[in-house]
Amino acid sequence: MKPEELKLFIERELDAISVKADMAKLPSITDAVIEARHKLNDKLKLAVVGKTKAGKSTLLNSLLGITELPTGDGIVTGNVSVLIHIDNSPYNQETVVVHLTDSSQMNVSLEQYRQLVDISKKDPLGIRDKIVWFDVYLKHQALLDMSIIDTPGDDSWLEYDSENAKALFRDKNRKPDIIAYVVRKEFGSKDIQTVQDYLAQVNGAEHRVSGLNVIAVYSCCDELVSSDIEGCNWELDYRIEGNRIIENNRAKSPAFRMCFSKCFPISAIFSMAANSLTNDDFVLLKEIAKSSISEYFYKDYSYIEIDDMKTMYPELFGIFKSDIMKDNMMRRLGLDAMKYIVWWSSVHPTGTIHSLRSDLENYSNVPMLRKYLLDEHFKKISLFYKTTSVLPELKKTIESEYNTAIDLESIANLRTILAMYRNIEKNIYTQYGFLSVLRDYYDCLDYFDQEDWDLAVKTIMYSISENSNDVETQEFRQQWQERMDFYNMIGNHFAVDASQKLINSVSSN
């Protein structure tokens with residue numbers, strides 16, 4: 001049963017419960033079903049969270065290929081911004097709706113929004129401390145499937161910003177379904193505790209496979225192979241060192257494994273540069289690469305004022321000509337990306353701007369994150385959390401009515417409704433039993449050997465894929481049946497249970 005099919009199954013079962021509740025004159029259950037259906041049809045909500053200056057807004061801009069979210073060297077993002085597709089806009093255009101503390105709303109332009117959300121700039125409307133959150137309506141393909149939430153740092157020195165971010169997770173109608181947690185340096189114990197708190201609010205304290213709806217993003221990883229003094233060895237792949245650090249965290253910390261399903265080392269500024277690079281930029285930086293001061297440019301160019309440059313480095317002055325040109329390029333591309341482009345141009349003297357943009361994107365590792373987060377199985381698996389999150393409140397309502405019922409007819413009807421609910425729950429966890437196997441995989445449990453774990457992951461990906469056929473399904477079933485018989489023989493009951501879950505999952509594909 002694919003995620004979309006699961007939603008249809010739940011909708012049919014909810015319809016049946018609603019009909020029964022109407023016939024039994026149980027309006028509270030009917031209302032709970034209506035609310036559950038409404039939440040089921042809501043888009044997935046992804047929140048990007050982490051400490052201040054972790055690179056959250058830069059990450060989102062690079063993921064979506066936009067420039068709407070302000071970025072900078074200092075603390076920039078203030079308050080919560082929910083990015084929503086323009087189809088849902090009350091004005092049928094790209095715009096921003098501001099939600100205020102007095103429960104009122106006001107409409108502002110994207111330019112006004114950029115000023116309001118950027119705490120390094122003056123408050124143009126005098127309302128910054130009254131804002132609860134922004135709804136930002138954009139015309140972007142990715143937003144057709146999910147809303148994406150940018151948050152201020154969870155350690156923001158602006159008290160109302162931190163409180164508004166925390167309020168997002170407390171609000172059952174606004175809280176996210178999935179989380180990307182961004183850190184700039186090593187993951188610390190406070191990061192783990194923060195994510196555990198988020199998980200408890202999103203999934204509930206005892207969710208069966210909590211953590212699969214969270215990924216970690218280790219940002220600014222180019223710093224692993226760079227130095228302010230010596231520059232950067234661009235031929236080194238920072239992702240190797242980034243993955244080594246991530247795997248070290250995973251090996252040493254059970255709490256880390258329980259919090260994150262997958263981790264990505266990235267450097268989003270290079271993706272941003274790929275989007276912002278103009279032909280004039282390309283020509284200018286190629287000219288620097290050909291000059292005698294290209295090596296100096298790698299190290300401390302950004303600290304030289306244009307007047308000093310005229311005297312100390314006339315060749316560089318002749319290229320830039322003004323502080324405005326220099327500072328504008330630094331603001332759009334970032335110094336590290338400019339250094340990379342100068343190096344790249346010296347290595348590829350006949351390279352084109354198209355190939356440079358492609359290499360900047362690849363170096364950022366953002367395409368891999370984008371594919372996983374927005375296109376592949378993370379989004380599909382996350383639909384499981386959405387479908388299960390609509391059910392607990394309904395269950396509470398049914399049980400509350402059952403526990404307080406007095407007349408025999410109501411008790412009988414409520415028993416039937418409770419049985420119908422349990423049938424939904426049973427089918428969900430039967431069809432999606434592979435998720436607990438995936439959780440075991442990320443937890444590094446050892447009831448399978450590596451070959452079986454590789455097959456398990458392949459089976460899980462197949463079970464949620466769009467393409468399936470009877471031959472492949474039968475092959476997967478046969479392989480796991482043979483493994484289950486073997487594990488049963490040697491008494492490895494954990495492996496037997498996991499094998500059966502995989503058989504069930506692939507059989508329903």
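How far is the sulfur of Cys259 from the closest cysteine sulfur, and in which residue does that sulfur sit? The sulfur of Cys259 is 10.0 Å from the one in Cys263, too far for a bond. This is a predicted model, in which local features need pLDDT of at least 70, side-chain atom pairs count only at pLDDT 80 or more, and totals for chains, interfaces and linings use all residues. Residues are numbered from 1 along each chain as its sequence is written, and side-chain values use heavy atoms, with hydrogens and water left out.

**Overall build**

- The protein chain has 24 helices and 11 strands. These are DSSP runs numbered from the N terminus: helices are H or I with at least four residues, strands are E with at least two.
- Of its 509 residues, 53% count as buried. Buried means under 20% relative accessible area, exposed means over 50%, and partly exposed lies in between (1.4 Å probe, protein chains only).
- The accessible surface comes to about 24000 Å², and 50% of that belongs to carbon and sulfur atoms. Areas come from the Shrake-Rupley method with a 1.4 Å probe; for residues, only the protein chains shown count as cover.
- Among contacts with a separation of 6 or more, 72% join residues 24 or more positions apart. Contact means heavy atoms within 4.5 Å.

**Cysteines**

- The disulfide count is zero. A disulfide is a pair of cysteine sulfur atoms within 2.5 Å.
- Cys259 is buried, because its relative accessible area is 1%.
- Cys444 counts as partly exposed, because its relative accessibility is 44%.
- Cys444 follows α21 and has a positive phi, near 65 degrees.

- The structure holds one cavity of 30 Å³ or more. On a 1 Å grid over the protein atoms alone, a cavity is a set of points where a 1.4 Å probe fits but cannot get out. Grid points are joined across faces, edges and corners, and the volume is the space filled by probe spheres set on the points.
- About 30 Å³ of space lies in the largest cavity.
- Its lining is Leu212, Ser261, Tyr372, Phe378, Ile381, Leu438 and Tyr442. Lining residues have an atom within 4 Å of a point.
- Six lining residues are nonpolar, one is polar and none is charged. Ala, Val, Leu, Ile, Met, Phe, Trp, Tyr, Cys and Pro count as nonpolar, Asp, Glu, Lys and Arg as charged, and the others, Gly among them, as polar.
- α18 (377–389) and α21 (434–442) each supply at least two lining residues.
- Eight of the nine residues of α21 are buried, so the helix is largely enclosed by the rest of the structure.
- The buried residues of α21 include Arg439 and Asp440, along with Leu438 and Tyr442.

**Around Gly211**

- Gly211 sits in the loop between α6 (189–203) and β8 (214–218).
- Gly211 counts as buried, because its relative accessibility is 0%.
- Not counting residues up to four places away in sequence, Gly211 touches Leu199, Asn203, Met258, Cys259, Phe260, Ser261, Tyr385 and Arg439.
- Gly211 and Lys262 are 51 residues apart in sequence, yet 9.5 Å apart in space, C-alpha to C-alpha.

- Ser18 lies in helix α1 (residues 3–23). Ser18 counts as buried, because its relative accessibility is 16%.
- Ser18 touches Thr30 and Val33, not counting residues up to four places away in sequence.
- Leu26 is in the loop between α1 and α2 (27–41). At 7% relative accessibility, Leu26 counts as buried.
- Leaving aside neighbours within four places in sequence, Leu26 is in contact with Ala21, Glu401, Leu414 and Ile417.
- Leu26 and Ser410 are 384 residues apart along the chain, and their C-alpha atoms are separated by 8.6 Å.

**Positive phi in two loops**

- Most residues other than glycine have a negative phi.
- Asn92 has a positive phi, near 55 degrees. Asn92 lies in the loop between β2 (80–85) and β3 (95–100). At 65% relative accessibility, Asn92 counts as exposed.
- Ser103 also has a positive phi, near 75 degrees. Ser103 is placed in the loop between β3 and β4 (105–108). Ser103 is exposed, with a relative accessible area of 67%.

Notes
On a 1 Å grid over the protein atoms alone, a cavity is a set of points where a 1.4 Å probe fits but cannot get out, and a pocket is an open set with protein on both sides within 12 Å along at least five of seven lines; lining residues have an atom within 4 Å of a point.
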